[in-house]
Amino acid sequence: SDLITARLNDGFTVDDFKTVIDKKVAEWMDDPKMNKFLRPETLFGTKFESYLNSIDTVKPKKDFDILSTYETL
């Protein structure tokens with residue numbers, strides 16, 4: 001893709017692409033208004049660097065809540 005080539009020519013790495021994909025999937029996947037933007041045209045376009053440097057705003061999901069498990073015993 002021309003967008004990928006352009007970002008590589010800008011000095012970004014394959015790991016940078018993976019980071020942007022991971023961040024935006026975590027942020028947008030469950031958002032019906034935003035998940036349509038999980039595409040190369042959006043992720044690798046002019047906002048690529050801002051996506052790369054954005055702070056993670058998605059809280060990790062709790063896999064196990066030890067306190068609630070303990071309280072039920």
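Q: Which residues in H2 are buried?
A: Asp 16, Phe 17, Val 20, Lys 23, Lys 24 and Trp 28 are the buried ones in H2. Keep in mind that this is a predicted model.

Q: Okay, and where do those buried residues of H2 sit when you look down the axis?
A: They fall within an arc of 135 degrees, so they line one face of the helix.

Q: Why would residues that are a few places apart point the same way?
A: An α-helix has 3.6 residues a turn, so residues three or four places apart point the same way.

Q: What about the other side of H2, which residues are exposed there?
A: Over there you'll find Val 14, Asp 15 and Asp 22 exposed.

Q: And what covers the buried residues of H2?
A: The cover includes three helices: H1 (2–9), H3 (40–43) and H4 (48–53).

Q: How many residues does H2 have, and how far does it reach?
A: H2 runs over residues 14–28, which makes 15 residues. From its first C-alpha to its last it reaches 21 Å, close to the 21 Å expected at 1.5 Å a residue.

Q: Let's zoom out. How many helices and strands does the protein have?
A: It has five helices and zero strands. From the N terminus on, the order reads α-α-α-α-α.

Q: What share of the residues is buried?
A: Buried residues make up 21% of the 73 residues in the protein.

Q: And the surface, how much of that belongs to carbon and sulfur?
A: The accessible surface is about 6000 Å², and 56% of it belongs to carbon and sulfur atoms.

Q: What percentage of the contacts comes from residues 24 or more positions apart?
A: Counting contacts with a separation of 6 or more, those residues account for 59%.

Q: Back to Lys 24. How buried is it, in terms of relative accessible area?
A: Lys 24 has a relative accessible area of 4%. The cut-off for buried is under 20%, so Lys 24 counts as buried.

Q: What does the side chain of Lys 24 make a polar contact with?
A: With the side chain of Glu 27, at 2.7 Å.

Q: Which residues is Lys 24 in contact with, leaving aside neighbours within four places in sequence?
A: Met 29, Leu 38, Leu 43, Tyr 51 and Ser 54.

Q: Ser 54, where is that one found?
A: Ser 54 is in the loop between H4 and helix H5 (66–71). Leaving aside neighbours within four places in sequence, Ser 54 is in contact with Lys 23 and Lys 24.

Q: Which parts does the pair of Phe 12 and Phe 48 tie together?
A: Phe 12 lies in the loop between H1 and H2, and Phe 48 lies in helix H4, so the pair ties together parts that are 36 residues apart in sequence. Phe 12 and Phe 48 are both buried.

Q: What about Phe 17 and Phe 44, how are their rings placed?
A: Their centres are 5.0 Å apart and their planes are at 75 degrees, so that pair is edge-to-face. Phe 17 lies in helix H2 and Phe 44 in the loop between H3 and H4, so this pair ties together parts that are 27 residues apart in sequence. Phe 17 and Phe 44 are buried too.

Q: Which residues form one aromatic cluster?
A: Phe 12, Phe 17, Phe 44 and Phe 48.

Definitions and conventions
Residues are numbered from 1 along each chain as its sequence is written. This is a predicted model: local features need pLDDT of at least 70, side-chain atom pairs count only at pLDDT 80 or more; totals for chains, interfaces and linings use all residues. Side-chain values use heavy atoms; hydrogens and water are left out. Helices (H or I, at least four residues) and strands (E, at least two) are DSSP runs, numbered from the N terminus. The expected span of a helix is 1.5 Å times one less than its number of residues. Buried means under 20% relative accessible area, exposed over 50%, partly exposed in between (1.4 Å probe, protein chains only). The arc is that of the directions from the helix axis to the C-beta atoms. Contact means heavy atoms within 4.5 Å. Rings of Phe, Tyr and Trp (its six-membered ring) pair if their centres lie within 6.5 Å; planes under 30 degrees apart count as stacked, over 60 as edge-to-face and the rest as tilted. Accessible areas come from the Shrake-Rupley method with a 1.4 Å probe; for residues, only the protein chains shown count as cover. A polar contact is a pair of N or O atoms within 3.5 Å; within protein, one must be able to donate a hydrogen and the other to accept it, and residues adjacent in sequence count only if both atoms are side-chain atoms.
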